[in-house]
Amino acid sequence: MRFSPGPVLGIETSCDDTAAAVVRDGRVLAGVVAGQEEHLPYEGVVPELASRAHARLLAPVVRKALADAGCSWGDLDGVAATHAPGLIGSLLVGLSFAKGAAAARGLPFVGINHLEAHLVSVLLSDPGVEPPLVALLASGGHTELVGAKRWHDYTILGSTRDDAAGEAFDKVSVLLGLGYPGGPHIQRIAEGANPEAVAFPRARLEPESLDFSFSGLKTAVRNEVARRGGNGALTPGDRADLAASFQEAAVDVLVEKTLRAAAGFGAATVVLAGGVAANASLRRRLEAGSRDRGFRFAVPELRFCGDNGAMVALAGSMRLARGETSSFTLPAVPTLLATSFGR
Ligand code: KG4
Ligand code: ZN
């Protein structure tokens, strides 16, 4: 894997984290992530609040990342920013900032697909990862199985047909009165509880399908909570068992389909990345399943699972090393399929 030799600044603003980092030769020199507390009362991300917060936070976040890295603008090989997919207003803040900074300083600019950034984030923790690989990219907005015969040559093998995996964790967490974002809450209370307390449905879809569906699982949890008299009637033990049973059902399907995709694609390596890759049960079970079937398993360390600037800087560094830059007319695109994942 080749990286641009000099430092690259990466900017990530696709959802509700304002993040910037500087990466040089595959290593992180500095990274800053500012979360946005204004969404907490709403138990979900409010797009307009997110873009306003990015506009307020981004300049100081970038300044701190450069200062921590000991870099000035003139030291950089280029500026990378997420241009898709994500919330349109949020994307526009980071993308416009990156274009403006690159234009003003005469630096190369490269737009990055957020899913590619999550995929290559594994190299920050495990630089030896090589294709052929299959990656499960699971976050609050996406659940994709991606095959790569080579870096930058990506095929989407399966996607969610409704809720993303992280979205299911978030919604179930709200149903159980645990708050947002839900993944860490569910994981915490599920620890030590009974994952077989309730046999929630596993949506396998058609026999060969590598797609996912999590909306039925979420509804099943809602129905079970209602059957027991609502969240207020649950004991802490009930709530923990429901969380553990939900997590088990979600992880079962994620692991099973990822391993089937890896076998069918002829992958040597299984990669797990994205915010949901922070889930301890998913990490443990996908690692064990990969080992049993002879795949190498790779997952980013926890600080690179959620949205961060380092993964964008690294993806930018890889694109720049191939001589790729983007036009200043590159648009922000909210959807996945209309974008340049794999170009
Ligand atoms: O990648 P990310 O930071 O942002 C998006 O691109 O969406 O992912 C955020 C998602 C949220 O849905 C959050 O609940 C989930 O990742 N998440 C987890 C865990 N930590 C974060 N899901 C399950 N278990 C976790 N430990
Ligand atoms: Zn993400």
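Visitor: How many aromatic pairs are there by the rule in use?

Guide: This is a predicted model, in which local features need pLDDT of at least 70 and side-chain atom pairs count only at pLDDT 80 or more, while totals for chains, interfaces and linings use all residues. Residues are numbered from 1 along each chain as its sequence is written, chains are lettered from A and ligands numbered from 1 in the order in which they are written, and side-chain values use heavy atoms, with hydrogens and water left out. Rings of Phe, Tyr and Trp (its six-membered ring) pair if their centres lie within 6.5 Å; planes under 30 degrees apart count as stacked, over 60 as edge-to-face and the rest as tilted. By this rule the number of aromatic pairs is three.

Visitor: What is the angle between the planes of phenylalanine 109 and phenylalanine 328?

Guide: The two rings form a stacked aromatic pair, 5.9 Å centre to centre. Phenylalanine 109 belongs to strand E5 (residues 109–113) and phenylalanine 328 to the segment after helix H10 (309–321), 219 residues apart; helices (H or I, at least four residues) and strands (E, at least two) are DSSP runs, numbered from the N terminus. The angle between the planes is 20°.

Visitor: Is phenylalanine 328 buried, partly exposed or exposed?

Guide: Buried means under 20% relative accessible area, exposed over 50%, and partly exposed in between (1.4 Å probe, protein chains only). Phenylalanine 109, at 2%, is buried. Phenylalanine 328 has a relative accessible area of 42%, so this residue is partly exposed.

Visitor: Why does the pair of phenylalanine 212 and phenylalanine 214 count as stacked?

Guide: Phenylalanine 212 is buried at 0% relative accessible area, and phenylalanine 214 is buried at 1%. Their ring centres are 6.0 Å apart, and the pair is stacked because the planes stand at 10°.

Visitor: Which residues are the protein donors of the zinc ion (ligand 2)?

Guide: Donors are N, O and S atoms within 2.8 Å of the metal (3.2 Å for Na, K and Ca); water is not among the atoms, so sites may look incomplete. The donor residues follow the spacing H-x3-H-x188-D. Histidine 114 lies in helix H3 (residues 114–120) and aspartate 307 in the loop between strand E10 (296–298) and H10, so this pair ties together parts 193 residues apart in sequence. At 2.0 to 2.1 Å from the zinc ion, the protein donors are His114 (NE2), His118 (NE2) and Asp307 (OD).
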